[in-house]
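This briefing accompanies the structure shown below. The points that follow are grouped by topic and may be read alongside the coordinates.

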Amino acid sequence: MSGFGIQVNDVLTSVSFVLLEKSMDTVLSAPVAAGVRTVTMVHPCLYVGAQIIVGNRGTVTEEIVTVSAITAADFTATFAQTHAAGESIRGATVPSGQINQLSSPNISTAAVVAPLFTQAELRGYCFDIENDFLERTRPVYTSGNVNLAIGNPIASAPADSIRIERADIQGTALWNASQSELDMSSPGSLVGSDTPTMWYQDKTNTGKFAVASAPPVNLVAELFYSQKRTAIPALTDFLVMPDICWLYLKYGVLATCFAKEGEMRDARRAAYCSKRYERGVQYVRMFMRQMQAQMDYSRLAEVGV
Amino acid sequence: MPTIDDIAASVLQRLEESTTSPVFWSYAEIRMLVLEAMCEATLITGSPQVRITSAPFTLQPNLTIQAAPAGAFTIIRVESGGGAVHKVSVFDLDMSDKNWQNDPQDTIPREWFPFGCGQFGIHPQLSAVAQVILTIVQNPIALMPLAGTETVNFQSEFGLGFEAYGESLATLKEGGAEADAGVRLYDTFLSVMAELSAFQLRKDSLRFSRTLGAAAEINEVQKK
């Protein structure tokens with residue numbers, strides 16, 4: 001965790017406030033042992049299939065459980081952890097249109113429901129919008145090693161890389177070029193036998209990069225790259241984007257929700273939320289540029305690109 | 001300094017909502033809007049900038065990339081031995097010597113460079129732990145969840161903007177004319193931020209205008 005610990009559930013809870021969806025934030029009234037357990041609790045956010053977070057934030061017992069059955073007085077779920085009374089139980093379950101304890105209890109099998117939104121759908125929106133934001137602002141970098149096989153100039157970029165910013169081999173920086181430049185300057189460089197001195201990303205297929213010349217022996221390249229999320233986040237996942245930018249994820253998700261076909265469609269609010277998101281992109285670009293917080297390898301490129 | 005709940009209560013009053021038993025809005029909801037306002041204020045003005053003298057930061061040996069301390073959004077200054085460590089970029093280092101990562105280790109860093117948010121790099125690597133003083137742009141809160149008792153670490157002039165932001169965005173869930181009217185209050189927040197950003201410009205290069213602070217030219221560091 002970096003920042004101040006915003007979880008995906010926090011973002012979806014804030015989204016739920018605007019969508020007039022109830023969210024859950026209470027505590028267990030009695031201990032719960034690991035295993036399939038029935039918990040005495042009544043809450044409008046509980047329905048079969050709802051994911052909720054049980055356990056205090058940031059502790060080893062914090063887990064996501066899925067409600068498998070409900071009655072008018074309790075719910076059932078499979079717990080991997082043992083929980084004490086007083087531990088947190090929370091979740092943005094977007095219950096509108098779901099059959100919950102209050103509207104129709106005792107339904108524990110697949111029922112015909114018509115939710116406005118689903119949790120999986122909103123988590124998917126989070127994934128798309130966070131990666132769009134990261135791609136457009138590149139506020140987070142990391143380093144990683146990639147194996148270069150003898151005779152093969154092309155290697156796979158890390159799965160969580162948006163863009164490789166820099167490469168080095170054993171601490172010696174490689175010059176960033178393009179294959180076109182190499183073709184013009186030294187046509188034979190792709191099959192040379194010297195230690196690589198350059199790297200490029202064009203014409204190498206999706207998710208690949210290449211070095212020139214081809215490695216004469218097996219080598220390891222260190223990459224500095226801007227980072228993205230690789231899978232749809234769980235409710236307890238922390239953000240990849242800096243926590244301070246979390247509100248733009250919220251407005252990006254809201255823009256998508258208000259643009260969706262259905263009862264909640266609202267073109268004005270969709271446009272407004274979209275603009276808030278776009279402003280966020282501009283704010284972060286401005287901040288990264290003017291505070292010189294970016295890794296700034298592309299200084300020769302146009303400012304802000 | 002006020003707490004988040006002090007501002008949240010003011011927002012609820014402006015919404016004509018009860019501050020003791022709110023109905024349509026909750027404290028949990030308004031606290032998150034105050035947090036939003038503080039986050040956006042930080043991004044616009046670069047405040048609060050905090051020099052951490054209470055606990056010197058320990059740099060780890062044998063590492064180029066170092067994790068920033070908890071609470072730091074980004075590092076803006078590093079001091080060692082009573083003087084500033086020279087700030088560069090990876091590009092600067094590569095242009096001056098492409099083998100800089102292999103330079104002999106030292107006991108103190110000679111240069112540091114930004115590595116996005118949450119991390120920074122040093123040159124050369126250290127042979128043993130070393131302590132430095134960091135100046136950071138601080139995150140608006142230390143840790144979630146919000147209790148409401150967190151101190152708002154901005155100077156008091158930000159308060160009006162935070163309240164306007166909270167009221168403006170709270171009306172978003174109402175939709176229709178109420179939301180349209182509320183949205184205009186966001187302009188009040190932006191005006192306050194623009195004023196305080198101009199104030200900030202007297203202190204450093206970060207500036208904001210109603211045209212999103214678009215840089216009119218490349219800055220002094222980039223001109224080098």
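**Briefing on a predicted two-chain model**

In chain B, strand 2 is joined to strand 7 (residues 119-123) by three bridges, and the two strands run antiparallel. The model is a predicted one.

**Sheet of chain B**

**Cis peptide bonds of chain B**

- B:His123 and B:Pro124 are joined by a cis peptide bond, with omega about -10°.
- B:Pro124 is located in the loop between strand 7 and strand 8 (130-138) of chain B.
- A cis peptide bond also joins B:Ser47 and B:Pro48, here with omega about -5°.
- The position of B:Pro48 is in the loop that runs between helix 2 (27-45) and strand 1 (49-59) of chain B.

**Overall form and domains of chain A**

- Chain A contains five helices and 14 strands.
- The radius of gyration of chain A is 24 Å, well over the 19 Å given by the globule rule for 305 residues, so chain A is more spread out than a compact globule.
- The C-alpha trace of chain A spans about 75 × 45 × 35 Å along its principal axes.
- The domain assignment divides chain A into domain 1 (22-115), domain 2 (123-138 + 240-290) and domain 3 (141-227).
- Between domain 2 and domain 3 of chain A, the C-alpha centres are 33 Å apart.
- Four residues from domain 2 of chain A and four residues from domain 3 of chain A take part in the contact between these domains.
- On the side of domain 2 of chain A that touches domain 3 of chain A, two residues are nonpolar, none is polar and two are charged.

**Sheet of chain A**

- An open sheet of four strands in chain A has the order 7-14-9-10, and its pairing is antiparallel.
- Strand 7 (141-148) and strand 10 (172-173) of chain A are the edge strands, each pairing on one side only.
- Strand 9 (residues 161-169) of chain A is joined to strand 10 of chain A by two bridges, and these strands run antiparallel.
- A:Asp168 has A:Ala173, in strand 10 of chain A, as its bridge partner.
- The loop between strand 9 and strand 10 of chain A includes A:Gln170.
- A:Gln170 has a positive phi of about 50°, although A:Gln170 is not a glycine.

**Helix packing in chain A**

- Helix 2 (residues 119-137) and helix 5 of chain A pack at an angle of about 35°, and their axes are 9 Å apart.
- The crossing of helix 2 of chain A past helix 5 of chain A is right-handed.
- Helix 2 of chain A contributes A:Phe133, A:Arg136 and A:Thr137 to this contact, while helix 5 of chain A contributes A:Val281, A:Val284, A:Arg285 and A:Met288.
- By class, the residues of this helix contact comprise four nonpolar, one polar and two charged.

**Contact between chain A and chain B**

- The contact involves 47 residues from chain A and 49 residues from chain B.
- On the side of chain A that touches chain B, two or more residues come from each of helix 1 (8-18), strand 7, strand 9, strand 10, helix 4 (246-259) and helix 5 (267-290) of chain A.
- Helix 5 of chain A provides ten residues, the largest share of the side of chain A that touches chain B.
- That side of chain A has 24 nonpolar, eleven polar and twelve charged residues.

Definitions and conventions. Residues are numbered from 1 along each chain as its sequence is written. Chains are lettered from A and ligands numbered from 1 in the order in which they are written. This is a predicted model: local features need pLDDT of at least 70, side-chain atom pairs count only at pLDDT 80 or more; totals for chains, interfaces and linings use all residues. Two strands pair if DSSP finds at least two bridges between them. Two residues are in contact if their C-beta atoms, placed from the backbone, lie within 7 Å. Ala, Val, Leu, Ile, Met, Phe, Trp, Tyr, Cys and Pro count as nonpolar, Asp, Glu, Lys and Arg as charged, and the others, Gly among them, as polar. Domain bounds come from an automatic or database domain assignment. Axes are lines fitted to C-alpha atoms, for helices over the stretch in contact, and angles run from 0 to 180 degrees between N-to-C directions. A crossing is left-handed if the near helix is turned anticlockwise from the far one by less than a right angle, and right-handed if clockwise. The radius of gyration is taken over C-alpha atoms; the globule rule is 2.2 Å times the number of residues to the power 0.38.
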